Amino acid sequence: MDKLAFLISEGVRNLWRHKLTAITAIFSVFITLFLIGSLFVITQNSHYLIEYLRTKYKIEVFFKAGVTNEQARKIMGVIKEIPGVRSTTLITKEDALRIFKDQFGEDIVAILGYNPLPASCVVNINRKQPDSVDIRPLISKIKSLDGVDQVNYQGRLIRRIENFYQKIVRGVSIAVIIILLLTIIIIANTIKLTIHAKQDLIKILKLLGATNLFIKIPFLLEAIFQGLIGAGLALVALVGVIHAGNTYLEKLFHMRIQYDPVVGAIMVGFAILIAFLTGYRTVTKYLA
Amino acid sequence: MIGPTGSGKTTIMKLIYMDLYPDSGKIVILGTNVAKLKRRKIPFLRRRIGMIFQDYHLLNDRNLFENVAIPLHIIGIPRNEVEERVYRILEEVGLTNKEKQYPEELSGGEQQRACIARALIKDPEIILADEPTGNLDPIASFELVNLLEQINREGTAILMASHNYNLIKGRGHPIIEMRDGKLRNG
């Protein structure tokens, strides 16, 4: 137990003993993980945003003049079964009349003597779709149904939004891969350098009769602490930026940046893993 | 062990503490044939040997106390016993009250004494001293050899390599000479 306590305290003390190299390593972990974390948050929020926007996609299906409310309800049941459709809302001929009156202030039945407005329904699409939503096949299917007269939808706007979302997803994915590789290289090299600077220590400990494990443990703990501190600081900075951003966003646009704690856990886990693996490989190399 | 610079004294030392492996021949240290010793067992053999180097090999980022205590931590001695043994050994080598100082704050002679303390603290069966006076002035060298003699008198075998024959002659210890890669009685 005394030996283990000594090795753990050595890992902690080494951070203090080699302040400059520790700060360099922590800083590089901090910067790279802050970038990665930011990209995760951007991806996640663009995903939330697209889900929100998809709830606003509105498809209005107008039934033919002779279609009764009951028939309209049946057609709507068929529409609901089409993949990609989340919900449907029926607007009966009477509802249409009321809406017309609310909007235009005219009682059309009093003028014409009958209700010329057709029954219709509003179709909402499924917002949780992994890829971009192509609304055209859905529209074609609805149009091909018997009793359907006209389908109105914001085709161009939906295409623009979906294309923009696709560009963000693609761009961020490429950026994440590049930064991830850079992170691995930077963290690995920084930790390699900190260990390289302590080759003498490794040699002296070996000559004094230390086993490889005795030499490795403090180095690995030091590397893990560096990863942990760097990732922790990156996490605090990221949450801080999100909070600060939310204060303004809520005031100006009534929006909030969402933050999933899983991102934090991934960041910390990733930093520790890279630090541990690099530390292990490098110390083993110098011990050989 | 005497011999001119470059005659192979350090090589002999390294072969003994297994920093080098012999191409041929047989080395038996503390009853162990090193050729048959598995690599993972080397640390345990080294724990039975105290080593003193010309350039001290102290760790500059640790104070004197921490430097001297390292071998005890390697063996796994309890913390309270470590403290007691370090203070005792520092007193023995004449470094009392210097335990908080860092190697660079000590003189050459003091650093070499620290190195002796570190070698001695684990009660080794033999001490290997490779040119321990190589970086010291004549007075410090003389004092150091006296200290090693005292340790030897207390029961620890010492193999000291030096090119300074004048420093060790006439002290009544067996002398072997290294010349042209061969050992012979001096």
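The contact between the two chains draws 17 residues from chain B and 13 residues from chain A, where residues count as in contact if their C-beta atoms, placed from the backbone, lie within 7 Å. On the side of chain B that touches chain A, helix H2 (42-46) and helix H3 (64-75) of chain B each supply at least two residues. H3(B) gives the most to that side, with 4 residues. By class, the side of chain B that touches chain A holds 9 nonpolar, 3 polar and 5 charged residues. Here Ala, Val, Leu, Ile, Met, Phe, Trp, Tyr, Cys and Pro count as nonpolar, Asp, Glu, Lys and Arg as charged, and the others, Gly among them, as polar.

A word on conventions. This is a predicted model, in which local features need pLDDT of at least 70 and side-chain atom pairs count only at pLDDT 80 or more, while totals for chains, interfaces and linings use all residues. Residues are numbered from 1 along each chain as its sequence is written, and chains are lettered from A and ligands numbered from 1 in the order in which they are written. Helices (H or I, at least four residues) and strands (E, at least two) are DSSP runs, numbered from the N terminus.

I turn to chain B. An open sheet of 3 strands runs in the order E3-E4-E5 (chain B), with parallel pairing; two strands pair if DSSP finds at least two bridges between them. Strand E3 (49-52) and strand E5 (157-161) of chain B are the edge strands, each pairing on one side only. Neighbouring strands of this sheet are turned by 15° against each other on average, direction ignored. Strand E4 (residues 126-130) of chain B pairs with E5(B) in the parallel sense over 5 bridges, and B:Leu128 has B:Leu159 in E5(B) as its bridge partner. Helix H1 (residues 9-16) of chain B lies across E4 and E5 of chain B, at about 150° to E4(B).

Angles run from 0 to 180 degrees between N-to-C directions, with axes fitted as lines to C-alpha atoms, for helices over the stretch in contact. Angles under 35 degrees count as roughly parallel, over 145 as roughly antiparallel, 65 to 115 as roughly perpendicular and the rest as oblique.

Also in chain B, helix H5 (residues 108-120) and helix H6 (residues 138-153) pack at about 15°, with their axes 10 Å apart. That makes H5(B) roughly parallel to H6(B). The contact of H5(B) with H6(B) has 6 nonpolar, 3 polar and 2 charged residues.

Now chain A. Its assignment, which is automatic or taken from a database, gives domain 1 (2-52 + 160-286) and domain 2 (58-154). The C-alpha centres of these two domains of chain A lie 53 Å apart.

How do the helices of chain A pack? Helix H9 (residues 212-253) and helix H10 (residues 261-287) of chain A meet at an angle of about 150°, with their axes 8 Å apart. H9(A) and H10(A) are therefore roughly antiparallel to each other. Their contact divides into 19 nonpolar, 8 polar and 1 charged residues.

Helix H1 (residues 2-17) of chain A packs on H9(A) at about 50°, with the axes 8 Å apart, which makes H1(A) oblique to H9(A). Among the residues that meet are A:Leu7 and A:Ile8 in H1(A), and A:Phe214 and A:Ile217 in H9(A). The contact of H1(A) with H9(A) has 9 nonpolar, 2 polar and 2 charged residues.
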